[in-house]
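My notes follow in the order I took them.

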Amino acid sequence: MTYSKVLIAVDTSEFSMKAAKKGLELARQLSAEAALLFIIDKSKAVGNMEAGILPEQALIVLKKEAQKTLDELISQYGDKETLQFMPEGYPTDDILKTAEVWGADILVVGTHGRTGLKHLLMGSIAEEIVRRSTIPVMVCR
């Protein structure tokens, strides 16, 4: 199988940075189109009423943080051809949805490598993506 579209899901974690580097290297090696995907997680846009921060304002902060992360990753590892996607939604569902809509051939994700109780309590977006994806997934630790 040939891979002509590499979709790299990122967030602000160091694991995500490694995944972005590996995914963009893979895209270059394959002469494939590359896209970075940062899901603006709606569940984190809760605001803080006591501090006077409304959910809409929290969402704006999350969007700015996402754009800053994508800009940094592209300046470090990408090029002007690297696409950027920043949909609002929920990570697992919207990573898979974006992969389908964009027509990605392979997904690249990072993982925190949690085990035991932490993994059980927090779950794993990467694990859920691997389980549900209809295309190959490269997981970077």
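**Notebook: a helix pair and its surroundings**

I began with Thr 69, which lies in helix α2. I took helices as DSSP runs of H or I with at least four residues and strands as runs of E with at least two, numbered from the N terminus. This is a predicted model, in which local features need pLDDT of at least 70 and side-chain atom pairs count only at pLDDT 80 or more, while totals for chains, interfaces and linings use all residues. Residues are numbered from 1 along each chain as its sequence is written, and side-chain values use heavy atoms, with hydrogens and water left out.

Is Thr 69 buried or exposed? Thr 69 counts as buried because its relative accessibility is 7%; buried means under 20% relative accessible area, exposed over 50%, and partly exposed in between, with a 1.4 Å probe and protein chains only. I then listed its contacts (heavy atoms within 4.5 Å). Leaving aside neighbours within four places in sequence, Thr 69 touches Asp 11, Thr 12, Met 17 and Phe 38.

**Helix α1 against helix α2**

I next checked how the two helices pack. Two packed helices are described by the angle and the distance between their axes. The axes of α1 (residues 14-30) and α2 (residues 55-77) come within 10 Å and cross at roughly 50°. That makes α1 oblique to α2. Under 35 degrees counts as roughly parallel, over 145 as roughly antiparallel, 65 to 115 as roughly perpendicular, and the rest as oblique. The axes are lines fitted to C-alpha atoms over the stretch in contact, with angles from 0 to 180 degrees between N-to-C directions.

Which residues meet there? From α1 I noted Met 17, Ala 20, Lys 21, Leu 24 and Arg 28, and from α2 Thr 69, Leu 73 and Tyr 77. By type, the residues of this contact are five nonpolar, one polar and two charged. Nonpolar covers Ala, Val, Leu, Ile, Met, Phe, Trp, Tyr, Cys and Pro; charged covers Asp, Glu, Lys and Arg; the others, Gly among them, are polar.

**Ser 13**

I found Ser 13 in the loop between β1 (5-10) and α1. Ser 13 is buried, at 15% relative accessible area. Its C-alpha atom is separated by 9.3 Å from that of Thr 111, 98 residues apart along the chain.

**Whole chain**

I counted five helices and seven strands in the protein chain. Buried residues make up 37% of its 141 residues. Among contacts between residues at least 6 apart in sequence, 73% join residues at least 24 apart.
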